[in-house]
Amino acid sequence: MEEIVSGLNVSRETYDSLRFYETLARKWTRKINLVSPSTVSDLWRRHIVDSAQVFHVKQNPGAIWLDIGSGAGFPGLVCAVLAKELSPATEFHLIESDQRKCAFLRTVKRELGLKATIWAQRIEAVETINANVVSARALADLDTLLSFADHHMAESGVALFQKGETWEKEVEAAKEKWRFTLNPHKSKTSSNSTILEIGGIERV
Ligand SMILES: C[S@@+](CC[C@H](N)C(=O)[O-])C[C@H]1O[C@@H](n2cnc3c(N)ncnc32)[C@H](O)[C@@H]1O
């Protein structure tokens, strides 16, 4: 897996920060249900590398990146680690309603000196963030994700949603309620996953 990260072109310092993040996630997952037990043994590839690839879909993310339903920070806080080196002006916002997960997110933020605001609230309850990028993984169906993005994304922004093999069906269903542009990117870590790059979101 190390080749994938070096393929993503990060410095030794960023690589070490990602490894430190992995160590913290392993430690915390023993106390709180941070990542599902079935994925702990493969935490580096399934969560850290899988999240890091999202950063490279949008090379110039702009001023504000919002990650919704962040859980242990996937993909948002991992992208903040990459941005510290590759896009230092970008500010990250993470919305996660579980207070214990937010305590973990704040610990990672503090330990790695990341530019991030953690909102321990529900996505629907947070005032409009006006983000240039909205990311989400394993949160909701595409229709729901689009309504969250519609609320929080700037007009020229893009949404980056990591989806499993049913993504095409979800896109068809969402088209009944939404107009949008779509650019799907095959995941580098899982043959079943696709990153949907979505812009121009409008209700039909
Ligand atoms: C299945 S987990 C996925 C976490 C992470 N994105 C990942 O891929 O590992 C979904 C997370 O979203 C949070 N969540 C669900 N609905 C939410 C809402 N309406 N507002 C804020 N957080 C929410 C849950 O607490 C949970 O941590």
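Trainee: How are residues numbered, and which pLDDT do local features need?
Mentor: Residues are numbered from 1 along each chain as its sequence is written. In this predicted model side-chain atom pairs count only at pLDDT 80 or more, totals for chains, interfaces and linings use all residues, and local features need pLDDT of at least 70.

Trainee: How many helices and strands are there in the chain?
Mentor: Helices (H or I, at least four residues) and strands (E, at least two) are DSSP runs, numbered from the N terminus. From the N terminus on, the elements run α-α-α-β-α-β-α-β-β-α-β-α-β-β. The chain has seven helices and seven strands.

Trainee: What radius of gyration does the chain have?
Mentor: The radius of gyration is taken over C-alpha atoms, and the globule rule is 2.2 Å times the number of residues to the power 0.38. For 204 residues a compact globule would come near 17 Å, and the chain agrees with that at 16 Å.

Trainee: Is α2 roughly parallel or roughly antiparallel to α4?
Mentor: Axes are lines fitted to C-alpha atoms, for helices over the stretch in contact, and angles run from 0 to 180 degrees between N-to-C directions. Helix α2 (residues 12-29) and helix α4 (residues 76-86) have axes 10 Å apart and pack at an angle of about 160 degrees. Angles under 35 degrees count as roughly parallel, over 145 as roughly antiparallel, 65 to 115 as roughly perpendicular and the rest as oblique. Therefore α2 is, relative to α4, roughly antiparallel.

Trainee: Which residues in α4 meet T14, S17, L18 and Y21 in α2?
Mentor: Two residues are in contact if their C-beta atoms, placed from the backbone, lie within 7 Å. By that rule T14, S17, L18 and Y21 in α2 meet, in α4, V78, V81, L82 and E85.

Trainee: At what angle do the axes of α2 and α3 cross?
Mentor: The axes of α2 and helix α3 (residues 43-55) come within 11 Å, and they cross at roughly 130 degrees. That angle makes α2 oblique to α3.

Trainee: Which residues come nearest to the ligand?
Mentor: A residue is near a molecule or strand if its C-beta atom, placed from the backbone, lies within 6 Å of it. Of the 16 residues around the ligand, the nearest are G69, G71, F74, S97 and R137.
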